[in-house]
Amino acid sequence: MNFSELFKLSGLLGRFSPDGKCLASCVQHRLLVRDASSLQILHLYTCVDQIQYLEWSSDSLFILCAMYKRGIVQVWSLEQPDWHCKIDEGSAGLVASCWSPDGRHILNTTEFHLRITVWSLCTKSVSYIKYPKACQQGVAFTKDGRYMAVAERRDCKDFISIFVCRSWQLLRHFDTETQDLFGIEWAPNGCVLAVWDTCLEYKVLLYSLDGRLLSSYRAYEWPLGIKSIAWSPSSQFLAIGSFDEKVRILNHVTWKKITELEHAATIASKQTIVYKEVEKSPTVGTERLSFPPTRELASSLFSTQSKYDISQVPVSLQYIKPVADRANPKVGVGMLAFSADNCFLATKNDNIPNAVWIWDIRKLKLAVVLEQLCSIQCFQWDPCQPRLAVCTGSSRVYLWSPAGCVVVQVPGEGVFQIISLSWHSSGDSMLLLSKDNFCVCYLEREE
Amino acid sequence: MGDWRTITVPVLSSDSQNTFLYTSERKTSPTSMSSQVLRLSLPSSKNMHSFFSAFCTEENIEQSISYIDRELTTLGFPSIYAESKGKELNLVSMVNCMNELLVLQHKNLRAQEEIEIQHLKLGSDMDHLQNCYAKLKEQLELSKREIVGLQEKDRQLQSKNRNLHQLLKNEKDEVQKLQNIISSRATQYNHDMKRKEREYNKLKERLHQLVMNKKDKKLAMEVLNYVGRADGKRGAWRTDKTEARNEEEMYKILLSDYEQRQKQLLLENTELKKVLQQMKKDIISLLPPQKQKPKERPEDGLVLSDQEEDIGELNKENMWELSCETVREQLTNSIRKQWRMLKNHVEKLDNQVSRGHSGALNEKDVISREDHELETEKLELEIQQCKEMIRTQQQLLQQQLTCDDDTTLLLQDCYLLEERERLQEEWRLFREQKKNFEKERKSFTEAAIRLGLERKAFEEDRGAWLKHQFLSMTADCKSEKMTTPSAFLRSSDPDIRLVRSASRQRRPPSVLSPTVSPEPCQISQYITQNSVASEKPAADNKPNLWVESDDKEETEECTKSWEDSGLGTLCRNLHMEQLP
């Protein structure tokens, strides 16, 4: 495993291009495009203000830089470095911007969710989508990029509009049986839309592409409900993480619950492997000690190293009692992701913040628990194989695969607290992001 | 409770006191009575005397006699006065009266004693009963008290229960109230929310109008030049046609998805059907075939089974190819039936097994003891037998050990005898051979003598002939002389050869003797020894034993070697012949 040097970064804005050839990163108002393997700077663009959002177009030809404060979006072309495009939302303001799947349209959401403006880079045309709902996940594209679902709110009722992305024509418009729609998500096959209600009510609705209600699922009534949702890549399963610290998995045939995965603080099952990260005091030979100590040695001395130990079950995990009188309590399953081969599901229970739970979907059983020293910041599956990368805000990156797991210390001086990471599309490298820096981690391809 | 106690306790105590008093009275009475009786019945002799003396004195004897007489007559005794003589005492009747009185007195005393004993008995019985009574009364009191206590408890619990019920009711009411409050608040909240949202929407609308209608100069896109679409197509106009096409496409996608899913399901179905078929086959093969039918028919009726059979025959092959709807029921029914049968079968087997097991267990349990005993007895017997056998064997062994010497000697003697016989046989052979040789030698010597004689004669003849020849030669024919000697020489050759061969025959022993001699010497020694040993069979026992055995071995070796080298035997024989 190799690491690049640390590069400067602001706002966690570092992205691999979808084709995997380039790497875009932002430093204040500058956008740097590097070669993904050599990390040489290919292009340097300067925006009018500090960049707050960055997105590659699907064909990796354009990069969108949003400056929400100014209400401006700037688009840069990789093919023609002198080409430029600047979209000003004016007094309407800007809160969100994204590419359409074809990479030729930009969807800007104005302040107060007044409307979504669809700007075309091909023609002068501008389309508007009115009444978008101000919610966590109000716009969703199908994976093939044909359709877009938009959650709307009109007359205190939730609606969903399905648009054909190619012409921005409205295909379907239907109301949903939700109190206060919170999010929408397409199944990877693009035929089923999952709609879930606000956390006050546990409700998942499944709509077909043509607007028929396929099924609705409700696990319980009064307590706080759904916190997160994830489709399996095969569209076979819908995993629903909720505030009751459980994940419920629905199947795609009957849309009934297959199983309930509980996140108990004590793990007693013998079939579960619990990897516990333990601190390892650095062993420095006395002969290596010198006065004054070299900087490298000093840093290695002060940065504690760690490794994984296999804990003997039963294991009780560190449990944080949630504060009851606060809104959005830190309890329940807030993060969940399926591996690319559908075989594993990684989850995080927010009141056991140091643990990643990896479930074997074939057995519907808990396979592995990674107990970290710090709370989990982010985890992401390798897009090609069942391999999970985890970061905890330390300078270490953790990798798990069915074969085992490793702790990798990112070499280098100074503090590098990784709070986000993203895989290269080939699964050969990884972008590790801290607040001010980033580096690329190259993994050796397994033969 | 306290009140009740204070009231009841005195009553109880008085009662008990009363009873006690009563019992004590009763207790005292028999003793006093008895004492009275005693006092009455057994007055001291002195008192009696004084009493009697007081009753009758010299002065009033007449009166007292008459008094007694009167008393006696009233009691039914005959008068003590003689009837004829008036005032004269009839002594006989008086004595009789006395006696009767005494007898009566005795009887009375005895009766009194008996009564007293009975009285005592009754008294003690009474006491016992009284005690029992008192105890029971106490128990009664206790149980009464207990009952009262329990009743009190019950009452308290009931009141508590009532309180709890009340509380529950209150809580329920509260819950209801709270729920009402919540729901009312929720509706209020929802209402307010809606109102606010409407307001917010209005504001948004207004804002929208304001922002959008102002012809915001800033709201614009600056593009250097428009780029082509990713797919290379031009943007299409929005028409009904495109809309229809969009619909079409959507349905296509949905259709393809459903088709795919159907394919998957079909695959799964076929797999499952295969499994089902396999299972069915297995079940059918597993179930005992003769049990299947007789059991089926009475249960389900002829019609159904017939129908099923028909279907089974018809659809056995293509049943699986048919769509599920038509076959489903039959399929599930048949499977269910078979499954039931299997279950029954398995249960039966289980029962059998368990019964068998339990039976076996029971039997084992029952029999095991007897068996055990029998077995132990058997085993003990066996052990005894074995022990005896061992003992006898030991004895035999010891006996053997004691008489070992004789037997071994005997055995060895046997061996020796055999050996001797064999040796003797050989000896005889040797003798014979020797004789033959002797004969041969004799004939040979005779032949030699004869030859010598012949030679002498021949010499003489030759001399005569030579003389004659010489004489004749001297006469005239010299040429004839030259040829004849050669002829003569030739004829004499065989003789010479014969001599040579004879000498050769004689020579070998002398040539061989240095090399072969040690062995034959030994042999001769052994033989002598053997002969010695055989000559004195069992006279010398132990010391000779070893030597003999050694000898025996060696002799055996020797005989072997003789036998092996059949060629050498002659030479040896020759040599042996020489030795003696």
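Figure 1. Helix α3 covers residues 61-75 of chain B, 15 residues in total. From the first C-alpha to the last it reaches 20 Å, close to the 21 Å expected at 1.5 Å a residue. Its buried residues are Ser64(B), Ile65(B), Asp69(B) and Leu72(B). Viewed down the axis of α3(B), these buried residues fall within an arc of 140°, so they line one face of the helix. After α3(B) comes Gly76(B), which has a positive phi, near 100°.

**Figure 2. Salt bridge between Arg146(A) and Glu249(B).** The closest N and O atoms of this pair are 3.2 Å apart. Arg146(A) lies in the loop between β15 (139-141) and β16 (147-154) of chain A, while Glu249(B) belongs to helix α5 (residues 240-286) of chain B, so the pair joins two chains. Arg146(A) is partly exposed, at 36% relative accessibility. A search of the whole structure gives 35 salt bridges over all chains.

**Figure 3. Salt bridge between Arg261(B) and Asp257(B).** The N to O distance in this pair is 3.8 Å. Both residues lie in helix α5 of chain B, 4 residues apart, and are therefore separated by about one helical turn. An α-helix has 3.6 residues a turn, so residues three or four places apart point the same way. Arg261(B) is buried, and Asp257(B) is buried as well.

**Figure 4. Salt bridge between Lys257(A) and Glu260(A).** The two side chains meet at 3.0 Å, N to O. Lys257(A) is partly exposed, with 37% relative accessibility. Glu260(A) is also partly exposed, its relative accessible area being 29%.

**Figure 5. Network of salt bridges with residues from chains A and B.** The residues linked in this network are Lys133(A), Arg153(A), Asp158(A), Asp180(A) and Glu197(B). Side chains of opposite charge can pair when their charged atoms come close.

Figure 6. In the predicted model, residues 255-282 of chain B are 100% helix and 0% strand, with end C-alpha atoms 39 Å apart. Residues 369-396 of chain B are likewise 100% helix and 0% strand, and their end C-alpha atoms lie 39 Å apart.

Terms used. Residues numbered from 1 in each chain as written. Chains lettered and ligands numbered in written order. Predicted model: local features only at pLDDT ≥ 70, side-chain atom pairs only at ≥ 80, totals over all residues. Heavy atoms only, no water. Salt bridge = Lys/Arg side-chain N within 4 Å of Asp/Glu carboxyl O. Buried < 20%, exposed > 50% of the residue type's maximum accessible area, 1.4 Å probe, protein only. Expected span 1.5 Å × (residues − 1). Arc of directions from axis to C-beta.
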